[in-house]
Structures are given as C-alpha cells and as structure tokens.
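Here are some notes for a colleague opening this structure for the first time. They are set out as numbered points.

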Amino acid sequence: MNASATLATALPAGLKRLTMAAFPTPLEAAHRLGEALGLGLYVKREDCSGYGLGGNKLRKLDFIMADVLAKGHDAVITTAGAQSNFCRALAAASAKLGLACGLLLRGSGADAVQGNLLLDQVFGATVRFTDVTDPWDPRVKTELTALAEVLRAQGRNPAVVHLPGATASLAAAAWVTGAEELDAQWRAAGIDPAALYVAVGSGLTMAGLALGLKRAGRRCRVVGISVQQPRERIVPWIVETAAGAARLAGIETVLTAGDFDLDDSHRGPAYGVPSDASLEALAMAGRHEGLILDPVYTGKAMAGLIAHARAGAIARGETVAFLHSGGTPGLFVHSDLVARSMT
Ligand SMILES: Cc1ncc(COP(=O)(O)O)c(C=O)c1O
C-alpha cells in the first residue's frame with residue numbers, strides 16, 4: 001500500500017520555504033519485514049525526497065536555502081565529516097539554485113573518493129580538507145573564513161550554514177512539516193502507530209518530529225536511536241532546539257524530555273562504524289522489502305527497532321512506523337564490510 005496525502009496544516013508564522021524537494025514523501029507498508037518482527041510496520045520514505053539522492057536533509061534545506069536567498073547570498077559554506085550527507089545535500093541544493101558551495105571536510109583528502117565525497121564533486125562543490133577533528137576548535141573558524149575568501153575572490157557572497165549553530169532551530173522547524181505530513185498520511189491510511197523510530201545524529205529531525213506529533217495530538221511515541229551522542233548530551237539539546245523551532249514557527253506546544261524516548265545503546269563500535277546489528281538490519285530490510293538502509297544511520301535505527309521488537313518492548317501485532325532518513329551513499333563507502341556480512 002502506498003498512502004500519501006497533501007499537507008493538512010501549513011507551518012504558521014510566515015517562515016520562508018522553497019519547494020525543491022518532492023513532498024509528500026511516500027508512506028509504505030512493509031508487510032514482510034513487519035511480519036518477521038511480529039509488527040504492523042510502515043516506512044516513511046524520506047530517502048525518496050528527490051534531488052541529489054534525497055534524505056532527511058532536503059526538508060531542512062527547503063527552509064535553510066530560502067533564508068540564505070532572502071539574505072542576498074549567492075554561495076554557502078559549511079563544515080562536517082568527509083562522508084557527510086548534509087554536505088552532499090547542500091552541494092546538490094546549491095547546484096539546483098545556481099549557488100556556489102564550499103565544503104570544509106574533516107579528513108586528509110587521502111580517503112577514497114566514494115559515496116557522499118564523490119557526489120560533492122559531481123555537484124560541483126569546492127572541497128577543502130581539514131585535519132582538525134573538533135568542529136568547535138577555533139582553527140575551524142579560521143579555515144572556514146579562508147574558504148569564504150576563496151568564494152569571495154570568485155565574486156560570491158557566501159553564507160555560513162552550520163547545522164549545530166544558528167541554523168539548528170530552523171532545521172528542526174522544517175521537520176514539523178514532516179510530522180504534519182505523517183499525521184495526514186496516517187489518517188488517510190487509517191493507522192495510528194504506537195511508535196515512530198528515527199535515527200538521531202544532531203537530533204534536529206527528532207526535535208521537529210516529536211514537537212509536531214505532540215502538537216497534532218498523536219499518541220505516537222517518537223523513539224530516537226542515537227548513532228553518535230550519549231543520552232545525557234542529546235536529550236537536553238533536542239528539548240532546546242524543539243523550543244527554538246516552536247518559537248520560530250509560532251507553535252505553543254512545549255516538548256519536554258518525558259515526551260519522547262532516546263536509546264543510545266545501538267551506536268556500535270563508534271559513530272560512522274557499522275555494528276553487526278546494523279549489518280543484520282541492512283540484510284533484513286534488503287531481503288524482506290528491497291529497502292536499502294545505510295550502516296551509519298538508518299541501519300542502526302532499524303537495529304534499535306528490531307532489538308525492541310525482539311525484547312518485547314513493542315507489543316506483538318502493534319503498528320509501528322520507521323523514518324527512512326536516507327544516507328544511501330554511505331552503503332558504498334562500507335561496501336567490503338557490507339558484502340562480507342551478506343554471505
Ligand atoms: C541519513 C541520515 N539519517 C539521519 C540523520 C540524523 O538526523 P539529525 O541530524 O537531524 O538527527 C542524519 C544526519 O546526518 C543522516 O544523514
């Protein structure tokens with residue numbers, strides 16, 4: 001089944017928004033995987049959100065790029081890891097809008113040009129590498145300034161787009177529209193999921209989703225599976241950015257830490273390193289549904305869902321939703337490991 005519906009309610013408060021991505025993204029029943037887990041399982045296909053191989057960043061970029069254009073910029077710069085999905089999506093959005101894009105990527109430049117890094121080049125971004133691993137180290141600011149100078153020398157007027165910084169509340173507000181879309185699609189499909197599983201990196205997607213579903217009056221428990229940060233770090237940040245998103249969007253609903261669940265026990269060996277459970281989840285999704293997960297985000301989130309189902313934390317026969325947040329290029333970066341795990 002493939003149920004989709006138009007937005008039930010638009011975000012208030014006059015937030016500017018472009019319409020670059022393909023919304024609403026599909027909601028699909030995953031019958032065979034659901035049956036294997038003893039659940040009624042639905043997948044929100046945000047991996048199908050459109051240009052540049054899609055994913056959860058495109059919903060954020062409809063708002064972020066509207067803001068960048070409104071402020072008169074014709075270039076963007078950001079910094080993240082060499083395999084950042086956000087950087088790849090930003091490069092693709094910039095190409096689509098005719099903006100220049102500068103990326104300061106953590107790494108030596110000696111890594112294989114594969115996955116997101118390969119796509120950054122396909123989309124024409126100017127890529128520089130940094131060996132500074134802490135994004136808050138003052139040297140990062142200096143290197144970003146130097147990159148901005150490169151773009152200025154080309155006659156461009158760059159904006160710094162940094163997700164953990166000032167852009168965070170706007171990105172979380174963007175995901176309130178994801179909650180509105182889900183609410184409408186669940187109504188159209190006649191389902192009322194008990195839980196929605198989502199991969200948590202920066203937590204901004206989770207913040208907007210949990211805020212929006214609470215505002216919609218849904219019983220649905222949003223369950224975040226952290227792939228990087230421990231619970232005690234990420235939970236207060238989710239609450240803080242949800243408050244910022246509510247302010248921006250003119251929403252009175254207040255999201256508290258008690259409104260959602262956060263499980264940080266599926267992070268595996270480290271951020272960006274596939275766990276055995278994520279590789280098993282990849283195989284299960286692929287072999288039951290033809291669904292492609294990635295080992296860094298969605299594989300770990302699905303591993304969390306599978307573990308909860310097996311442990312009985314989700315009642316048998318219950319209806320559950322899973323946000324497929326994209327990340328597909330990451331699969332190819334770990335192709336050797338993934339291939340070995342499939343035998
Ligand atoms: C594929 C994918 N899924 C999920 C996430 C997590 O989203 P957020 O950073 O909003 O928590 C990310 C973040 O980079 C991502 O790339």
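1. Some wording first: in the counts below, Ala, Val, Leu, Ile, Met, Phe, Trp, Tyr, Cys and Pro are taken as nonpolar, Asp, Glu, Lys and Arg as charged, and the others, Gly among them, as polar. Please keep in mind that this is a predicted model.

2. The ligand shell. There are 17 residues around the ligand, and those that come nearest are Asn-85, Gly-201, Ser-202, Ser-325 and Gly-327. By class, the shell has eleven polar residues, six nonpolar ones and no charged ones.

3. Where the shell comes from. At least two shell residues are supplied by each of α3 (85–97), β8 (195–200) and α7 (204–215). The element that gives the most is α7, with three residues.

4. Domains. The chain is divided in two: domain 1 covers 2–56 + 167–341, and domain 2 covers 74–156. Taken over C-alpha atoms, the centres of the two domains are separated by 26 Å. Eleven residues from domain 1 and twelve residues from domain 2 take part in the contact. On the side of domain 1 that touches domain 2, six residues are nonpolar, five are polar and none is charged.

5. The pair α3 and α4. Two packed helices are described by the angle between their axes and the distance between the axes. Here the axes of α3 and α4 (residues 115–122) come within 9 Å and cross at roughly 15°. Angles under 35 degrees count as roughly parallel, so α3 is roughly parallel to α4. The crossing of these two helices is left-handed.

6. Residues between the two helices. From α3, the contact is made by Asn-85, Cys-87, Arg-88 and Ala-91, and from α4 by Asn-116, Leu-119 and Asp-120. The contact of α3 with α4 divides into three nonpolar, two polar and two charged residues.

7. Backbone points to check. Most residues other than glycine have a negative phi, and most peptide bonds are trans. Which peptide bond is cis? The bond from Phe-23 to Pro-24 is, with omega near 0°. Pro-24 is found in the loop between β1 (2–3) and β2 (27–29).

8. A positive phi. Leu-53, a residue other than glycine, has a phi near 75°. Leu-53 has its place in the loop between β3 (40–45) and α2 (57–70).

Methods. Residues are numbered from 1 along each chain as its sequence is written. This is a predicted model: local features need pLDDT of at least 70, side-chain atom pairs count only at pLDDT 80 or more; totals for chains, interfaces and linings use all residues. A residue is near a molecule or strand if its C-beta atom, placed from the backbone, lies within 6 Å of it. Helices (H or I, at least four residues) and strands (E, at least two) are DSSP runs, numbered from the N terminus. Domain bounds come from an automatic or database domain assignment. Two residues are in contact if their C-beta atoms, placed from the backbone, lie within 7 Å. Axes are lines fitted to C-alpha atoms, for helices over the stretch in contact, and angles run from 0 to 180 degrees between N-to-C directions. Angles under 35 degrees count as roughly parallel, over 145 as roughly antiparallel, 65 to 115 as roughly perpendicular and the rest as oblique. A crossing is left-handed if the near helix is turned anticlockwise from the far one by less than a right angle, and right-handed if clockwise.
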